[in-house]
Amino acid sequence: RMKRLTILLLLLSLFTSGCADRLKEPVTFYYIRGNYEEDMSAVLASERREASGHRDDLSYLMALYLMGPAEEDLRSPLPRSVSILSAEHRDSTVTLELTDTSDSMTDAQFTLACSCLTLTCLELTEAKYITVNSGDRSVTMGADTLLLQDLATDTGMEATQ
């Protein structure tokens with residue numbers, strides 16, 4: 001009986017000490033809208049996901065990203081056959097090494113996938129540049145190279161973010 005009370009008190013202190021909040025640490029992933037071909041003004045969308053205490057584990061978060069979006073109106077920019085071989089964050093650059101996508105994705109599809117991965121990695125890390133390598137393809141993007149439309153303004157002009 002004393003053991004149960006002790007365990008209950010430990011669990012209660014865990015939840016009230018803030019440790020429980022760290023277990024519910026959301027992260028933001030970027031995916032393609034399922035109907036983006038019909039509405040080119042909104043190609044990418046974000047989705048908040050649960051990081052479960054892995055906020056600083058880029059390899060884990062990229063594996064979670066590859067599971068695809070939970071929201072029905074979003075889809076993964078990468079085919080299910082693609083996997084991330086490595087995810088490294090050094091200095092101001094994140095480098096993602098993907099399996100070869102040359103047979104499964106056009107250059108335009110690959111660039112769109114790199115945009116999603118870049119926005120995701122910029123949210124997850126303090127990096128300024130994201131390099132995505134796949135087979136003989138390599139794309140480097142950063143916050144200053146992505147041209148995004150600011151849907152919050154009435155002007156409809158594009159804004160660099």
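Me: How do strands S6 and S7 pair, and over how many bridges?

Reply: Begin with the rules. Two strands pair if DSSP finds at least two bridges between them. Strands (E, at least two residues) and helices (H or I, at least four) are DSSP runs, numbered from the N terminus. Here S6 (residues 129-134) and S7 (residues 137-142) pair in the antiparallel sense over 6 bridges. Asn133 stands opposite Ser138 in S7. Thr131 has Thr140 in S7 as its bridge partner. The hairpin of S6 and S7 has 2 residues between the strands, and Gly135 takes a positive phi near 60° there.

Me: What should I know about the model and its numbering?

Reply: This is a predicted model: local features need pLDDT of at least 70, side-chain atom pairs count only at pLDDT 80 or more, and totals for chains, interfaces and linings use all residues. Residues are numbered from 1 along each chain as its sequence is written, and side-chain values use heavy atoms, with hydrogens and water left out.

Me: Which strands form the open sheet with S6 and S7, and in what order?

Reply: The open sheet has 4 strands in the order S4-S5-S6-S7, with mixed pairing. S4 (84-90) and S7 stand at the edges with a single partner strand each, so one side of each has no neighbour in the sheet. From one strand to the next, the twist averages 15°. For such angles, axes are lines fitted to C-alpha atoms, for helices over the stretch in contact, and the angles run from 0 to 180 degrees between N-to-C directions.

Me: Which helices touch that sheet?

Reply: Contact means heavy atoms within 4.5 Å. Helix H3 (residues 58-66) lies across S4 and S5 (93-98), running at about 135° to S4. Helix H4 packs on the sheet and touches S5, S6 and S7. The direction of H4 makes about 40° with that of S7.

Me: What span should H4 have, and why?

Reply: The expected span of a helix is 1.5 Å times one less than its number of residues. H4 (residues 107-124) has 18 residues, so it should span 26 Å. The end C-alpha atoms of H4 are 25 Å apart, which agrees.

Me: Which residues of H4 are buried?

Reply: Buried means under 20% relative accessible area, exposed means over 50%, and partly exposed is in between (1.4 Å probe, protein chains only). The buried residues of H4 include Phe110, Leu112, Cys116, Leu119 and Leu124.

Me: What is the order of the open sheet of 3 strands?

Reply: The order is S2-S1-S3, with antiparallel pairing. S2 (44-50) and S3 are at the edges, each with a single partner strand, so one side of each is left without a neighbour in the sheet. S1 and S2 pair over 7 bridges. Tyr30 stands opposite Ser46 in S2. H3 packs on this sheet, touching S1 and S2, and its direction makes about 40° with that of S1. H4 lies across S1 and S2, running at about 165° to S1.

Me: Is Thr28 buried or exposed, and which residues does it contact?

Reply: Thr28 lies in S1. Thr28 is buried, with a relative accessible area of 9%. Leaving aside neighbours within four places in sequence, Thr28 is in contact with residues including Ser46, Glu47, Thr120 and Leu124. A polar contact is a pair of N or O atoms within 3.5 Å; within protein, one must be able to donate a hydrogen and the other to accept it, and residues adjacent in sequence count only if both atoms are side-chain atoms. The side chains of Thr28 and Arg48 make one, at 3.0 Å.

Me: How many salt bridges are there?

Reply: Side chains of opposite charge can pair when their charged atoms come close. A salt bridge is a side-chain nitrogen of Lys or Arg within 4 Å of a carboxyl oxygen of Asp or Glu. By this rule the count is 4 salt bridges. One of them joins Arg33 and Asp73 (3.9 Å, N to O). That pair links distant parts of the chain, 40 residues apart: Arg33 is in S1 (residues 26-33), and Asp73 is in the loop between H3 and S3 (74-75).

Me: Are Arg49 and Glu47 buried or exposed?

Reply: Arg49 counts as buried, at 15% relative accessibility. Glu47 is buried too, at 2%. Their side chains meet in a salt bridge (3.3 Å, N to O).

Me: What about Glu88 and Arg90?

Reply: Glu88 forms a salt bridge with Arg90, and the closest N and O atoms are 3.7 Å apart. Glu88 is partly exposed, with a relative accessible area of 37%. Arg90 is exposed, at 60%.
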